[in-house]
There are 2 protein chains.
Amino acid sequence: MDLTEKTLSSEVIYKGKIITLLKDTALLPNGRTAVREVVRHPGGVGILAIDDKGCVPMVTQYRYCMGKTLLEIPAGKREQGEAPFATAIRELKEEVGATAEEWVPMGSLIASPGCYDEVLYLYLARGLTFGATNPDEDEFLDMERIPFEELVHRVMDGEITDAKTVAAVLKAKILLGK
Amino acid sequence: MDLTEKTLSSEVIYKGKIITLLKDTALLPNGRTAVREVVRHPGGVGILAIDDKGCVPMVTQYRYCMGKTLLEIPAGKREQGEAPFATAIRELKEEVGATAEEWVPMGSLIASPGCYDEVLYLYLARGLTFGATNPDEDEFLDMERIPFEELVHRVMDGEITDAKTVAAVLKAKILLGK
């Protein structure tokens, strides 16, 4: 069965700083039509970096839309036309002040395929050198280094809930054989 | 440092079938203000169910906002006032026709904490009995059962990209000691 839904019309409801909201009408496989709400997002990266003591630089950031702070791996949005790997190098430096000698791609994540088109590229970074951070103007972060094994426990006990962080920690655990 | 951002104003840009878009102005820790775009989503569940042969019922669904089909664990949105566990029982039955004797909570996921407030509750389900499916009116799914070990490989080689599916498969791998 061909599951494809075809766009019959598309209306831009909002074009903002980060996201664009579209309200489309789609033709379904059964010949009926349905409204499809689509949020366009530039996509981004998440970086699981491990230092030579087995610790991971993590950021705590107030997430306005959740109304609370979250513990997350360093991450950020792609700038216009920026390749994901370039975003990863930039964000690791900006958020935790680190450069890495070794980068291992860990695949991509679709955050929420129902209505939100964000794709996140995950990287494992090693061979770290730490210097000054350079956060975005409107970005306030606390950085700390946490032992990798502790992160795995905090993912598995449900304390860490950010999806990219959960995926990156568990992919890295398997890749590293830990 | 208190990282809290306080709401100064909030405007409803769009209230739709699934999502609501708000454009807020927030007071930042440094005393400046910033626009915060917030997409409200009802949240949902994802279920990693394993049958007595070690196979997992998976759904392939056209994801309009991504313009392609994706392979995902059974999942769905919470209805108004519905407890996550009730959603999980309902969605497993609707999407793959299964009921389960044993349910193990696997924590929650925040899909994309920058602008999207969706929270997904993950479950591991075992002791499955399969009957008829009952998909939503506008939902078209292909269901197949895939060996759990094969799913782990397809997550690790980057073929499976849906975040809830990646997280659920890898959490289950650790929980089950596989």
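This is a predicted model: local features need pLDDT of at least 70, side-chain atom pairs count only at pLDDT 80 or more; totals for chains, interfaces and linings use all residues.
**Entry 1: the two domains of chain A**

For the bounds I took the domain assignment of chain A, which places domain 1 at residues 6-40 and domain 2 at residues 44-176. I then looked up the distance between the C-alpha centres of domain 1 of chain A and domain 2 of chain A, and found 30 Å.

How many residues of each domain are in contact? I counted six residues from domain 1 of chain A, which are in contact with five residues from domain 2 of chain A. Between domain 1 of chain A and domain 2 of chain A I also recorded three residue pairs in polar contact, with both residues of each pair at pLDDT 80 or more. When I sorted the side of domain 1 of chain A that touches domain 2 of chain A by class, I had four nonpolar residues, two charged residues and no polar residues.

**Entry 2: the salt bridge between the domains**

I searched the interface of domain 1 of chain A and domain 2 of chain A for salt bridges, and the rule finds one. Which side chains meet in a salt bridge? They are those of A:Arg40 and A:Asp117, at 3.1 Å from N to O. I noted beside this that side chains of opposite charge can pair when their charged atoms come close.

For the whole structure, I recorded 28 salt bridges over all chains.

**Entry 3: the layout of chain A**

I listed three helices and ten strands in chain A, and along the sequence I read the pattern β-β-β-β-β-β-β-α-β-β-β-α-α. The C-alpha atoms of chain A fill a box of roughly 60 × 40 × 30 Å, taken along the principal axes.

**Entry 4: chain A against chain B**

I turned next to the contact between the chains, where chain A and chain B bury about 6100 Å² between them, 67% of it on carbon and sulfur atoms. Of the area that chain A buries against chain B, A:Leu3, A:Tyr64 and A:Phe140 supply 13%, which is more than any other three residues give. The contact takes 67 residues from chain A and 67 residues from chain B.

How many salt bridges does the rule find across the interface of chain A and chain B? I found zero there, whereas the count of residue pairs in polar contact between chain A and chain B, both at pLDDT 80 or more, is 24. On the side of chain A that touches chain B, helix 3 (residues 163-176) of chain A gives the most, with nine residues. The residues of that side of chain A divide into 36 nonpolar, eleven polar and 20 charged.

**Entry 5: how the copies are related**

Last, I looked up the superposition, and a rotation of 180° with 0.0 Å of shift along its axis places chain A on chain B at an RMSD of 0.0 Å. The two copies are therefore related as by a two-fold rotation axis. The same surface serves both copies, as 100% of the contact residues of chain A recur in chain B.

Technical notes: Residues are numbered from 1 along each chain as its sequence is written. Chains are lettered from A and ligands numbered from 1 in the order in which they are written. Side-chain values use heavy atoms; hydrogens and water are left out. Domain bounds come from an automatic or database domain assignment. Contact means heavy atoms within 4.5 Å. A salt bridge is a side-chain nitrogen of Lys or Arg within 4 Å of a carboxyl oxygen of Asp or Glu. A polar contact is a pair of N or O atoms within 3.5 Å; within protein, one must be able to donate a hydrogen and the other to accept it, and residues adjacent in sequence count only if both atoms are side-chain atoms. Ala, Val, Leu, Ile, Met, Phe, Trp, Tyr, Cys and Pro count as nonpolar, Asp, Glu, Lys and Arg as charged, and the others, Gly among them, as polar. Buried area is the accessible area (1.4 Å probe) that two parts lose on being put together, summed over both. Helices (H or I, at least four residues) and strands (E, at least two) are DSSP runs, numbered from the N terminus. Copies are superposed by least squares on the C-alpha atoms of residues with pLDDT of at least 70 in both.
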